Amino acid sequence: LVNIDFNARTLKKQLTSLKLIRIGTSGALQPEVALDSFIASEIGLGFDNLLHFYSGIETITINDFNKEFISHTQWNPSNSRPYAVEGDSGLLNLFSSNEVLKGITTTHVGFYGPQGRILRLPVQDPHLNEKIASFRYHNLKITNLEMETAALYGMSKLLGHQALSLNAILANRALGTFSKNPQKTIDQLIVHTLETIA
């Protein structure tokens, strides 16, 4: 919207590139990722269908990653085809520190079945989270899951913006543990982000 002239209802001639930072909650998929830690997403791996509606997706996704992941997890072809997109390297470097881990983040399409939670309905693949956690790409692990990062990365690249996702780890899905003070962790990530960009 920043690049649309609302009065003329046309694209602006001079386009603006934004720096977009997501600050959000997340669950760890690896047992060694500590509760209340922060992760900057090097790569967002999307399980949604959003980017498949736009042209150019093949120019911004990591196609060998996509193929290897689909093969490793024996991905159900009835589900949306996963897509991997890198975060902005400049923003990632800005937030590189001892306080912020780097990782690969999966973006799920729902809180329950898509994240492997079973309430009343069985899931199609009860071992999917284990398969995701055991996947390796150039020795990188998938560290955490949430619901926005991959779409943010993909749309930002297609529209000429720079994006980074910062994740507050409030649960460790591998261990079944949860933060005792989630609001404090979120507040600390917000303050850390503001101090870094200031």
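I began with a term: a nonpolar core is a set of buried Ala, Val, Leu, Ile, Met, Phe, Trp, Tyr and Cys residues joined through side-chain atoms within 4.5 Å. Buried means under 20% relative accessible area (1.4 Å probe, protein chains only).

The model is predicted: local features need pLDDT of at least 70, side-chain atom pairs count only at pLDDT 80 or more, and totals for chains, interfaces and linings use all residues. Residues are numbered from 1 along each chain as its sequence is written, and side-chain values use heavy atoms, without hydrogens and water.

**Core**

I looked up the largest nonpolar core and found 20 residues. Ala40, Leu51, Tyr83, Leu164 and Leu166 have the most contacts inside it. Which elements give two or more residues to this core? They are strands E4 (38–46), E5 (83–86) and E9 (162–172), with helices H1 (57–60), H3 (89–94) and H5 (149–159). E9 gives the most, five residues. Helices (H or I, at least four residues) and strands (E, at least two) are DSSP runs, numbered from the N terminus.

A second, separate core has 17 residues, among them Phe65, Ala84, Ile104 and Ile142.

**Whole chain**

I counted six helices and ten strands in the chain. Buried residues make up 44% of the 198 residues. The C-alpha trace spans about 50 × 40 × 35 Å along its principal axes. Among contacts between residues at least 6 apart in sequence, 81% join residues at least 24 apart.

Definitions and conventions:
Buried < 20%, exposed > 50% of the residue type's maximum accessible area, 1.4 Å probe, protein only. Contact = heavy atoms within 4.5 Å.
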